[in-house]
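Please look over the chain below before reading on. The paragraphs that follow lead from the overall fold to single elements and then to single residues.

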Amino acid sequence: MTRQARPPASEGSTRAAPVPTQHLAELAWNLFDEAGEDVLLPREQITESIHATDGQFERTKGYIRDHMTMEKGKAFLAYRGGYMITTDPGKIAENASLRMRRINTELRRVLSGAINPLGDQVADYEVLAMFQDEIAHMTRTYDRMSKATMTMAKPVRSSKPKRRRRAAAPRT
């Protein structure tokens, strides 16, 4: 069986030339700068403006968080269905709280779904015992942080009304 060579890029290939993540991150940051601080931009607007695929946008977000935020002195947040740059402590606290809650949920699931089902056998595996102890410590730390933040005023409240269950229609 012989393999056929790929046709040159000019012959029917639809794949775009690779674009460095750093370049896309600069374009995205400029878009946020032009929009202004605390202006929420939807994902579609960002990807269209910088001509990025979904995968490229995911890498771009990571690059912005890992490199540009410290350099620029502003936070980059996924916030209520969009993205923004901000220095508002309330928005940053709300975003951090939501992200920490998701991390805590994942940690608890690692324990309940993978490690704890082994029961007493966990002690026979040093690495699993260490994971169990450390994850338990992290979840206790999260619980303390969560209790402490409950006593603080909410930095940002949602403007959306909470969903309420409708009463079931009477059967006739």
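Contact here means heavy atoms within 4.5 Å, and helices (H or I, at least four residues) and strands (E, at least two) are DSSP runs, numbered from the N terminus. The model is a predicted one, in which local features need pLDDT of at least 70 and side-chain atom pairs count only at pLDDT 80 or more, while totals for chains, interfaces and linings use all residues. Residues are numbered from 1 along each chain as its sequence is written, and side-chain values use heavy atoms, with hydrogens and water left out.

The chain holds five helices and two strands, which follow one another along the sequence in the pattern α-α-α-β-β-α-α. Of the 172 residues in the chain, 23% are buried, a term that stands for under 20% relative accessible area, with exposed meaning over 50% and partly exposed in between (1.4 Å probe, protein chains only). Among the contacts in the chain with a separation of 6 or more, 57% are accounted for by residues 24 or more positions apart.

The axes of α2 (residues 43-50) and α3 (residues 54-72) come within 10 Å and cross at roughly 100°, where axes are lines fitted to C-alpha atoms, for helices over the stretch in contact, and angles run from 0 to 180 degrees between N-to-C directions. The two helices are therefore roughly perpendicular to each other, since angles under 35 degrees count as roughly parallel, over 145 as roughly antiparallel, 65 to 115 as roughly perpendicular and the rest as oblique.

Helix α3 deserves a further look. Its buried residues are Gln 56, Phe 57, Thr 60, Lys 61, Ile 64, Met 68 and Thr 69, and the buried residues of α3 pack against α1, α2, β1 and β2. The helix bends by about 40° at Arg 65, the bend at a residue being the angle between axes fitted to the seven residues ending there and the seven starting there. After α3 comes Gly 73, whose phi is positive, near 75°.

The two strands come next. Strand β1 (residues 75-79) pairs with β2 in the antiparallel sense over five bridges, pairing being assigned if DSSP finds at least two bridges between two strands. They form a hairpin with two residues between them, and Arg 80 in the turn has a positive phi of about 50°. Ala 78 stands opposite Tyr 83 in β2. Five of the five residues of β2 (residues 82-86) are buried, so this strand is largely enclosed by the rest of the structure. Gly 82, Met 84 and Thr 86 lie on one side and Tyr 83 and Ile 85 on the other, and both faces are covered. In a regular strand the side chains alternate between the two faces of the sheet.

Which residues does Trp 29 touch, not counting residues up to four places away in sequence? Trp 29, placed in helix α1 (residues 21-35) and buried with a relative accessible area of 1%, touches Ile 64, Met 68, Thr 69, Lys 72, Lys 74 and Ile 85. Thr 69 in α3 is likewise buried, with a relative accessible area of 14%, and with that sequence exclusion Thr 69 touches Trp 29, Ile 64, Lys 74, Ala 75 and Phe 76.
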